[in-house]
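Visitor: I would like to learn how to read a protein structure step by step. Could you take me through one, feature by feature?

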Amino acid sequence: MPTNREAYFEAIKLGVPKPVVVFALCEINDFDYLGLTKCFDEEIKNYALFKESMQRYIDGEMIEYIFNRSYFLQLPLYVDKNVLIPRQETEELVLRTCRLIETYFKSNNLAIADVCSGSGAIGLYLAANYPMSKVYLSDYSKETIRVAKKNAENLNLDVEILKGDMLTPFIESNIKLDVIVCNPPYIEDESTIDEKTWKQEPHLALLAKPCTKYYEQLLINKDNVLNECYLIAFEIGEDMKDLLEPIVKKHCPNAKYSFEEDMYGKTRYLFIVNTL
Ligand SMILES: C[S@@+](CC[C@H](N)C(=O)[O-])C[C@H]1O[C@@H](n2cnc3c(N)ncnc32)[C@H](O)[C@@H]1O
């Protein structure tokens, strides 16, 4: 059996990117990055699985789906092809949302919803960080809900998971919210989606026609679920600001809003706040 070091260089020679090889070695050995560093010259735990996973990666499969594993701000999540693999931009959305929660709400005893929750990444991170708050996850797809439930159980996080179209399950159950975080589908033109994503990730998580559809749907219905003082945090497509601004002005005439850039300088977030 080769060592982790030998297996690592074998995959690098085949052209597999370093972070992907490290990810695979950590998963196979059940190590974190530091653990792998310490045991780099020990035998790899399962060389056959390593070779198979590297081949599947070379053949085009996403490494997260190969191992059914993704990390969201260090939170280990089960993922499969029913859910979108959480993105780095979404990690930034959540960190910015936490800062705004701390700015605008005095209490940590909030009702928070992750609408369009997918794997549950956003809502589960918030549940882990705001244990005094009630956190809801909601999604339209029952397969996706199954994944979110599995993640909530694995992480032992107490959240309520609802199924339905955008805010409908909250309206039907008369649930009132302080914070909504939402990363809805927003790609209008499927030809702009890269081939790997299009072939493997769920189309329900990606496509919206028009691209503003789910933002507008949520804002039209927001008064049925939101308390007087509220925060809405959206991830948006990088070219959507001009399309979304008139919609925000129309449906939230008295609220403060800001479009914000991600770490690459692209406008990727919309925050809407109503304070008393
Ligand atoms: C872009 S993904 C976001 C997933 C996850 N929140 C994340 O950030 O990784 C969008 C999610 O919206 C869900 N979705 C699509 N249409 C929906 C609808 N009408 N109502 C609720 N959820 C919907 C999809 O199933 C998918 O899980």
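Predicted model: local features only at pLDDT ≥ 70, side-chain atom pairs only at ≥ 80, totals over all residues.

Visitor: Which helix packs with H7, and at what angle?

Guide: Helix H6, which spans residues 88-104, packs with H7 at an angle of about 35°, and their axes are 10 Å apart. The crossing of H6 past H7 is right-handed. On the H6 side the residues are Thr 90, Leu 93, Val 94, Leu 95 and Cys 98, and they meet Ile 122, Tyr 125 and Leu 126 of H7. Sorted by class, this contact has seven nonpolar residues, one polar residue and no charged ones.

Visitor: How should I read a sheet, and what is the order of the strands here?

Guide: As a general idea, the strands of a sheet pair through backbone hydrogen bonds, in either a parallel or an antiparallel way. In this model there is an open sheet of seven strands, with mixed pairing, in the order E5-E4-E3-E6-E7-E9-E8. Its edge strands are E5 (160-163) and E8 (256-261), each of which pairs on one side only. On average, and ignoring direction, neighbouring strands of the sheet are turned by 15° against each other.

Visitor: Which helices pack on this sheet, and which strands do they touch?

Guide: One of them is H7 (residues 121-129), which touches strands E3 (111-115), E4 (134-139) and E6 (177-182), and whose direction makes about 175° with that of E4. Helix H11 (residues 213-221) also packs on the sheet, touching E3, E6, E7 and E9, and its direction makes about 175° with that of E7.

Visitor: In what sense do E7 and E9 pair?

Guide: Strand E7 (residues 226-235) and strand E9 (residues 267-274) pair in the antiparallel sense, over six bridges. For Ile 232, the bridge partner in E9 is Ile 272.

Visitor: Where is Arg 87 placed, and why is it called partly exposed?

Guide: Arg 87 lies in the loop between strand E2 (75-77) and H6. Arg 87 is called partly exposed because its relative accessible area is 28%, and that class runs between the cut-offs of 20% and 50%. Not counting residues up to four places away in sequence, Arg 87 touches Phe 72, Thr 197 and Glu 201.

How values were computed: Residues numbered from 1 in each chain as written. Heavy atoms only, no water. Pairing = 2+ DSSP bridges. Helix = DSSP H or I, 4+ residues; strand = E, 2+ residues; numbered from the N terminus. Axes fitted to C-alpha atoms, helices over the stretch in contact; angles between N-to-C directions. Contact = heavy atoms within 4.5 Å. Left-handed = near helix turned anticlockwise from the far one by under 90°. Nonpolar A, V, L, I, M, F, W, Y, C, P; charged D, E, K, R; others polar. Buried < 20%, exposed > 50% of the residue type's maximum accessible area, 1.4 Å probe, protein only.
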